[in-house]
Amino acid sequence: MNGPGHVPITRKAFVKKGLNKLLVLLGGALVAGSYGFCWERSWVELVRLTVHLPSLPREWIGTRIVHFSDVHLGHFCTPDDLQSVVDLIGKEKPDLICFTGDLVEDGTEMLGEAVPVLARLAAPLGKYAVLGNHDYRNRKPQLVRDALDAAGFTVLHNQHARLQKGNAPFFIAGVDDLLLGTPDLDSALKGITADHPVILLAHEPDFADVSAQAPVHLQLSGHSHGGQVRLPFVGAVVTPPMARKYVQGLNYAGEQNMPVYTNRGLGTTQLPIRFLCRPEITVLTLA
């Protein structure tokens, strides 16, 4: 029963109120989408952090690693966009550069232009990479491998490389893409003794639950884009398979608390927007 003084709302007023709310929501979505497309998706963040590895030889303390991922050439990302990324990385003067996959979105048409840009990247300890699922979706993964190779990267296809400082060896290993490739962690680590530090490159971050059970001391990954669109108090709206546990940033896996770092990537996929999830270049200092 309505109390005294109650004024019933008319159908017209109810519809008008609903339309006003809808217009506010649509306006907010338009502003957020415009911001995400025109600004944030190209606003690269340099994330610097120190990662502590157990029993790291003193020769390797202070080593600076630049980690980048998920360029997605062709999906609103061109070799010109890549040029600005290379310039930012160059200013960091890294000791080691790691790329964790998805150089292309679907096609390989831009690889020829991208090679000389990526070739400008330099690091005294080398440049290493693995492939991601989008590098396979074009059904020409060998073209992606060849492009990275021509740009001076060593593509770690279920294998490792030995680095050396003084008498202290250090290993960087890589597994093939988990979703569309042929990953083999045992082959990647074959011949490495457990007392030597190992960094593993794996495109999908949730693989850390497996690698944490092996003699791996740090995993670097991408794939998730950090969700690409994140909402306050909610976080990532959606993430792809094998990127739903370690979505972004530094986390720890397994009983040994192995650090796994998930880079938010540089490009976009599906929708060419980012919201509260800037593209990222990571600079890790070992300690």
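Residues are numbered from 1 along each chain as its sequence is written, and side-chain values use heavy atoms, with hydrogens and water left out. In this predicted model, local features need pLDDT of at least 70 and side-chain atom pairs count only at pLDDT 80 or more, whereas totals for chains, interfaces and linings use all residues.

**View 1. Burial of strand S7 (residues 168–174).** Strands (E, at least two residues) and helices (H or I, at least four residues) are DSSP runs, numbered from the N terminus. Because 7 of the 7 residues of S7 are buried, the strand is largely enclosed by the rest of the structure. Buried denotes under 20% relative accessible area, exposed over 50%, and partly exposed in between (1.4 Å probe, protein chains only). In a regular strand the side chains alternate between the two faces of the sheet. In S7, Ala-168, Phe-170, Ile-172 and Gly-174 point one way, Pro-169, Phe-171 and Ala-173 point the other way, and all are buried.

**View 2. Pairing of S7 with strands S6 and S8.** Two strands pair if DSSP finds at least two bridges between them. Strand S6 (residues 159–165) runs antiparallel to S7 and is joined to S7 by 7 bridges; Ala-161 has Ile-172 of S7 as its bridge partner. The hairpin of S6 and S7 has 2 residues between the strands, and Gly-166 in this hairpin takes a positive phi near 60 degrees. Strand S8 (residues 198–201) runs parallel to S7, with 4 bridges between them, and Val-198 of S8 stands opposite Phe-171.

**View 3. Strand S14 (residues 280–286) and its pairing with S1 and S2.** S14 is mostly covered, with 6 of its 7 residues buried. Strand S1 (residues 45–51) runs parallel to S14 through 7 bridges, and Val-47 stands opposite Thr-282 of S14. Strand S2 (residues 64–68) is antiparallel to S14, with 4 bridges; here Val-66 stands opposite Val-283 of S14.

**View 4. Packing of helices H2 (residues 79–92) and H3 (residues 111–118).** The helices pack at an angle of about 15 degrees, with their axes 9 Å apart; axes are lines fitted to C-alpha atoms over the stretch in contact, and angles run from 0 to 180 degrees between N-to-C directions. H2 is therefore roughly parallel to H3 (angles under 35 degrees). The contact (heavy atoms within 4.5 Å) is made by Pro-79, Leu-82, Gln-83 and Val-86 of H2 and Glu-113, Ala-114, Val-117 and Leu-118 of H3.

Notes:
Parallel < 35°, antiparallel > 145°, perpendicular 65-115°, else oblique.
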